[in-house]
Amino acid sequence: MRVISRSTLVKFWSQPEYSDSEGALKSWHDEAVKAVWKTPQQIKEQYRSASICGNNRVVFNIAGNKYRLVVEMQYGAGIAWVKFVGTHARYDRIIVETVNEY
């Protein structure tokens, strides 16, 4: 998959208060760029805790569910577009299907 954009992840983990997310976000990114996800079911096979949501959004639990990553999947184009990365508390205040904080 082509991940748009790694810089969003770097910007997040570069903040001192979120630096503990770096390893988990790097691991997710490395796995995502090697993946060829064509369906939500393929994501669930690799990430059982991922939540498949409306508007082609997938929510990944990061660092033991301390953080959440919302990605819009464009399966046909092979694109995983990062729409949100943040704390679990901030995640609780967004609308997954429409969030666009990158």
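Predicted model: local features only at pLDDT ≥ 70, side-chain atom pairs only at ≥ 80, totals over all residues.
Student: What counts as a salt bridge, and how many does the structure hold?

Tutor: The criterion is a side-chain nitrogen of Lys or Arg within 4 Å of a carboxyl oxygen of Asp or Glu. By that criterion the structure holds 4 salt bridges.

Student: Which residue forms a salt bridge with Lys26?

Tutor: Glu22 does, with the closest N and O atoms 2.8 Å apart. Both residues belong to helix 2 (residues 22–34); because they are 4 residues apart there, about one helical turn separates them.

Student: Where in the chain are the partners of the salt bridge between Glu72 and Arg57?

Tutor: Their side chains meet at 3.6 Å, N to O. This pair links distant parts of the chain, 15 residues apart: Glu72 is in strand 4 (residues 67–74) and Arg57 in strand 3 (residues 57–62). Glu72 is buried at 17% relative accessible area, and Arg57 counts as buried at 4%.

Student: What other salt bridge does Glu72 form?

Tutor: Glu72 also pairs with Lys83, where the closest N and O atoms are 3.8 Å apart. Lys83 lies in strand 5 (residues 79–87) and Glu72 in strand 4, so this pair ties together parts 11 residues apart in sequence. Lys83 is buried, as is Glu72.

Student: What do salt bridges with shared partners make of Arg57, Glu72 and Lys83?

Tutor: They join Arg57, Glu72 and Lys83 into one network.

Methods: Residues numbered from 1 in each chain as written. Heavy atoms only, no water. Helix = DSSP H or I, 4+ residues; strand = E, 2+ residues; numbered from the N terminus. Buried < 20%, exposed > 50% of the residue type's maximum accessible area, 1.4 Å probe, protein only.
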